[in-house]
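Hi everyone, thanks for coming. Today I'd like to walk you through a ligand and the space around it.

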Amino acid sequence: MLNIVLFGPPGAGKGTQSERLIEKYDLIHLSTGDIFRTHLKENTPLGILARTFMDVGKLVPDEVTIEMLKAEVVLHSNAKGFIFDGFPRTNAQAEALDELLQSLSTEISIMLSLEVEEEELKKRLLGRAEVSGRADDADPVIIERRISIYNQDTAPVKAFYQAQNKLTAIQGTGTIDEITHRLFAAIDAL
Ligand code: AMP
């Protein structure tokens, strides 16, 4: 299996690039943010709970997120591989993902970390709010909080994968096509 962690701060381009990677490598795309937003729209108990964190730009608690992710992976047991987009966001989530994949006799192949400067992220998120309709993209205070939680809780996940020699940093600026080609090159070099 080819299992990719597509990593990076909010606004780094994970969703856009995931679309291209799933097409080329025939992978299942698991975006925890997208799954939460589907629950939110359908007003499920999980959606109602997640909303209280998402609306203010905080992380949904690990136990809830990990259980949801596990259920999604198990649903696709015949997959050629997965792109994990927006997950793991904490070291506890990374450990849980390793355990889950181990129980399925597989593992993470590579972590691709999209690197984009903070000023550029803020610009992109505010621009995205106009098309995405996402409340958490429209408010500069919430954007600020999401970026600071990324720096504090999520960025350390890079060291987790670096210790396994799986981290590849990818310049996340330039045209969408340029970034896609950098990602393809890193995967094809595996
Ligand atoms: P995203 O679409 O990845 O920007 O995620 C939107 C929001 O969903 C985040 O700000 C969090 O509130 C929540 N979320 C998504 N993925 C996770 C995760 N792996 N752990 C905790 N919360 C998450």
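I'll start with how to read the model, then go to the ligand, then to its pocket. This is a predicted model, where local features need pLDDT of at least 70 and side-chain atom pairs count only at pLDDT 80 or more, while totals for chains, interfaces and linings use all residues. Residues are numbered from 1 along each chain as its sequence is written, and side-chain values use heavy atoms, with hydrogens and water left out.

Now look at some atom pairs. An N or O atom in the side chain of arginine 37 is 2.9 Å from a ligand oxygen. Lysine 58 uses a polar backbone atom, 2.6 Å from an oxygen of the ligand. For glycine 86, a backbone N or O atom lies 2.9 Å from a ligand nitrogen. The protein buries 96% of the 480 Å² that the ligand exposes when taken alone, by the Shrake-Rupley method with a 1.4 Å probe.

And where does the ligand sit? In the largest pocket, meaning that more than half of its atoms lie within 2 Å of the pocket's grid points.

Technical notes. Polar contact = N/O pair within 3.5 Å; in protein donor to acceptor, adjacent residues only side chain to side chain. 1 Å grid on protein atoms, 1.4 Å probe; cavity = no way out; pocket = protein on both sides within 12 Å on 5 of 7 lines; lining within 4 Å.
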